[in-house]
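Let's walk through this structure together, with an eye on how its parts meet. Here it is.

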Amino acid sequence: MIEVYGMSSPNVQKVILMLEETGLPYTFTFVNVFTGEQFAPPFQALNPNTKVPVIVDSDGPGGKAFTLFESGAILMYLAEKAGRFWPADMRARHIVSQWLMVQMGGLGPMSGQYVHFMKFAPPGNDYGRSRYGTEVNRLFGVLEQRLGESTWIGGNEYGIADMAFWPWVRNPILAVPMDKHPTIARWNEAIAARPAAQRMQKWLDTVPRADFAKLQAENPDALDRYFGRGKFSKV
Ligand SMILES: N[C@@H](CCC(=O)N[C@@H](CS)C(=O)NCC(=O)O)C(=O)O
């Protein structure tokens, strides 16, 4: 059994999508990162980087429990465990890994910063909004080009690179202009039509969402701690 620790965010959605695609049995434990549950010692023992997702596979390599964090590493592990969604051929496999890294090191973090500057930064942060927005839009251009040349992001077959990108691309806050990106739109719809993606959406509908106004009223420190600002700033 695989225990997934997480919340509703795209990085967690990737892992649930992969579990639904592979049919590997899993359970889900909600971690409320906005109230600081990721800093509690039992969670830090699972991930010293204090972020979700984390998985604990009770039947890991060698039949022993195995803990893993970082969504990209988790996708590769699950692909290897299931023997699916990551080609065996060395060339094809590393092309998938290459695109997976574009998501992990590019679109994911850049989108995260863009959403922060659009939704949470105080007024007067046009520079940050413009910088991250420009990079996100550039990356959508790269994706549009890739999907014009290849059916799936990693190559001829649907796999972990697609699963890593999809939850970010369909993020309503980023609102990718699909009319300007017809090949992304084609790919987005193809994944949305998959039964596993629909089961992932059903799971997502059950996960608690943050009510930021309520959170701020109940605990004025919570968002500052989450965003590392005010008295929580380390610079
Ligand atoms: N590169 C990491 C990023 C994980 C990440 O940023 N997780 C966020 C939710 S999407 C989180 O746990 N944030 C809590 C915090 O930053 O304290 C991955 O892909 O797993």
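How much area is buried between domain 1 and domain 2, and what share of that area do carbon and sulfur atoms give? The buried area is about 1400 Å², and carbon and sulfur atoms give 73% of it. Buried area here is the accessible area (1.4 Å probe) that two parts lose on being put together, summed over both. Pro 10, Lys 14 and Leu 17 supply 32% of what domain 1 buries against domain 2, more than any other three residues.

A word on the ground rules. This is a predicted model, where local features need pLDDT of at least 70 and side-chain atom pairs count only at pLDDT 80 or more, while totals for chains, interfaces and linings use all residues. Residues are numbered from 1 along each chain as its sequence is written, and side-chain values use heavy atoms, leaving out hydrogens and water.

Now for the domains themselves, whose bounds come from an automatic or database domain assignment. Domain 1 covers 2-84 + 202-232, and domain 2 covers 90-193. Their C-alpha centres lie 21 Å apart. In contact (heavy atoms within 4.5 Å) are 18 residues of domain 1 and 16 residues of domain 2.

Between the two domains there is one salt bridge, a side-chain nitrogen of Lys or Arg within 4 Å of a carboxyl oxygen of Asp or Glu. Glu 80 pairs with Arg 93 in a salt bridge, with 3.6 Å between the closest N and O atoms. On the side of domain 1 that touches domain 2, the helices (DSSP runs of H or I, at least four residues) α1 (10-22) and α3 (71-82) each supply at least two residues. The most comes from α1, with seven residues.
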